[in-house]
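Please keep the sequence and the model in view while reading.

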Amino acid sequence: MRKFIVLIIAIQCYLPLHGQTISSSVLKKADQEFEEFSYANAVTYYKLALKRGENKKYITGQIALSFRNLNLPDSAEVWFKKAVADDPVPSEFYFYLAECLLSNEKYSEAKYWYSEYTSLVGSSSRSLEKLTALENMGQFFTDIDQIKLDTVSQNSSGLDFSPAYFKDGLMFISSRPRSPWVNLEFNWDESNFLDYYYMSQSDEPATFYEDGLNSKFHEGPLVFYNDDQSVIFTRNNLDNKKLRKDDKGVTNLKLFFAEWDESSGHWINEKPFIHNSESFSTSSPTINEDGTVLVFSSDRPGGFGASDLYISIKEPQGWSEPRNLGPDVNSEGRDGFPYLYDGQLYFSSDGHGGLGGLDLYRIRLNGVETSGKAVNLGVPFNSSKDDFGLIRQESNGYFSSNRVKGKRDDIYKFEYEKLSFGWVIGEVYDLNSNMPLDGSDVFFQDEDGAYKYTRTDKNGAFKIAIPMNTAWTITAGKNTFDLVESVSLLMPDRDSVYLQRVYLHQKIEPAQVADSVDIPTEVASIVDERIRPYDETSHFVDEFSEGDSVKFENVYFDLASYEIRENEKPSLNKLVNFMIEHVDVEIELSSHTDARSSAEYNKVLSQNRSKSVANYLIKMGGDPHRLKLSAYGESDLVNDCGNDVPCSEEQHQLNRRTSIYVVKAK
């Protein structure tokens with residue numbers, strides 16, 4: 001779906017620093033592919049240039065941006081993490097990383113990077129909206145209407161999206177090949193051009209639409225009205241069947257009107273929308289049935305974000321000047337794919353707080369004015385990926401989504417089935433302090449293994465709608481806390497039920513913390529002659545035998561503390577990236593203390609240091625199943641600073657460490 005969106009907007013590139021000269025022909029080729037929006041090809045050339053030792057910082061950022069534009073958040077996450085580990089980077093990289101993490105359902109990490117972005121740029125409505133949504137995730141799971149959801153059988157292995165009601169079936173957009181003998185590949189992501197296909201509402205195969213509207217280039221969202229006798233559709237900017245580009249090299253999109261001619265069986269009288277432009281895109285129309293109110297998406301100047309929704313009224317003299325629908329609808333992100341139904345405007349946005357990617361929203365449209373705030377449709381309409389292009393009639397409808405991992409945009413059919421629900425109200429508390437725990441994840445699992453999810457508010461409370469007369473097991477968790485005991489519930493036939501309190505306890509038992517002292521931030525690394533040093537630029541692991549290992553950088557701690565110091569986090573972030581790229585390695589964490597305090601105290605402190613490092617790696621995306629922890633207290637000093645031996649603070653510091661080993665898994 002991002003292929004269609006980014007045709008609307010020019011991509012902002014991560015440019016090298018001023019004065020930087022890039023001479024490599026491979027890198028130049030990669031940049032050329034990127035500038036021509038051929039992101040799949042660009043990634044191939046960038047990786048080749050990286051292997052040749054070219055400008056690592058610049059290339060890492062470009063690969064991250066390429067994967068983002070290809071709408072591959074898993075890969076984009078890996079490369080944005082690499083990029084932000086090498087400061088300074090554009091502040092947008094922090095936001096893009098947070099977006100990837102949100103799309104990958106890594107909510108705690110996403111919250112961290114949205115906060116980092118906000119601290120860098122100051123007040124930002126888009127990051128603040130995202131943070132607010134992450135603090136109130138339960139709001140997206142409380143719809144008391146049971147929705148039956150299925151994919152349509154006519155989906156293909158390519159892109160299938162933006163359905164429109166037409167005759168007794170649906171018109172939709174697809175990148176499936178028109179013919180096995182004709183190559184119509186589009187370089188963006190090496191898929192085919194987008195065309196109109198028709199499917200009935202039975203299981204008959206979809207067919208290429210032969211009665212007009214299709215060109216040899218991209219088609220976009222469309223809408224039929226006037227009893228299917230009129231249509232407004234989206235198309236590439238063409239001049240005598242040739243693509244036209246603006247001064248930035250972008251082929252913009254335009255809206256066209258056409259009328260159905262019964263005698264010829266084709267669409268005729270194609271006319272451009274008067275407010276199209278050569279300089280920006282106008283696309284994704286929706287219109288009321290009498291053809292007098294038109295809403296569409298555009299990236300024209302003066303908007304709130306990358307693309308906004310506009311409204312135009314048909315008057316005696318023609319279509320009125322488009323008016324921006326304002327901040328209740330539009331955001332600093334992408335807003336598009338509108339649909340009018342029963343006084344409501346449905347649309348998609350990635351700029352409002354949501355579950356990730358494009359989410360579906362609705363807002364009341366009274367005539368030509370909106371009222372109230374846009375409402376997120378929640379689950380199951382929305383997912384952590386792109387959800388867009390909704391249409392509906394009474395109790396059913398269709399929309400598009402790329403929510404299934406490994407698949408591209410598909411069309412989904414939904415039906416409302418009203419069931420009887422009641423509210424479950426509960427709290428999550430810390431067992432030790434008997435204080436409420438805000439931001440705790442609460443999971444309800446039914447007898448079939450299906451889950452419902454919500455999140456506690458600032459008072460540790462939650463509220464969720466549950467079908468009556470159903471049985472559930474309730475668990476909860478939060479960062480450094482573990483569940484004490486699950487809670488069972490048989491939901492009665494009542495409007496609401498108050499659940500017994502759910503308790504969590506700390507994973508790490510706190511050691512007594514003494515007064516901290518000033519510690520030099522630069523500490524000499526410990527060299528273990530038996531193990532080769534870690535070199536992040538090599539691909540040594542591929543050549544390892546099972547059980548082979550290398551030593552990573554030590555992590556150092558303040559006196560009597562197991563908190564991760566800020567200057568240690570960049571190194572650990574690199575280790576997480578390494579784990580993500582090399583799934584066949586395990587990480588051994590061996591923690592130590594200096595010889596001050598008792599041996600018993602130091603044993604507990606070293607255990608907490610291993611747990612603290614492990615928790616940080618897990619928080620940043622490391623696989624917990626590949627971490628092995630050990631703790632040695634003061635038993636393995638690297639120097640002679642034992643009990644009662646006078647040593648400098650710098651010498652003691654060398655002992656307060658977690659040693660990290662990268663081991664080839666067996």
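How many cavities of 30 Å³ or more are there by this rule? The count comes to 4. A cavity is a set of points on a 1 Å grid over the protein atoms alone where a 1.4 Å probe fits but cannot get out. Points are joined across faces, edges and corners, and a volume is the space filled by probe spheres set on the points.

## Basis

This is a predicted model, in which local features need pLDDT of at least 70 and side-chain atom pairs count only at pLDDT 80 or more, while totals for chains, interfaces and linings use all residues. Residues are numbered from 1 along each chain as its sequence is written, and side-chain values use heavy atoms, with hydrogens and water left out.

## Helix 5

Helices are DSSP runs (H or I, at least four residues), numbered from the N terminus.

Because 9 of its 12 residues are buried, helix 5 is largely enclosed by the rest of the structure. Buried means under 20% relative accessible area with a 1.4 Å probe, protein chains only. Among the buried residues are Trp79, Phe80, Lys81 and Val84.

## The second largest cavity

The second largest cavity holds about 60 Å³ of space. Its lining residues (an atom within 4 Å of a point) include Lys81, Val84, Trp113 and Asn573. Helix 9 gives the most to this lining, with 3 residues.

Note on methods: Buried means under 20% relative accessible area, exposed over 50%, partly exposed in between (1.4 Å probe, protein chains only). Helices (H or I, at least four residues) and strands (E, at least two) are DSSP runs, numbered from the N terminus. On a 1 Å grid over the protein atoms alone, a cavity is a set of points where a 1.4 Å probe fits but cannot get out, and a pocket is an open set with protein on both sides within 12 Å along at least five of seven lines; lining residues have an atom within 4 Å of a point.
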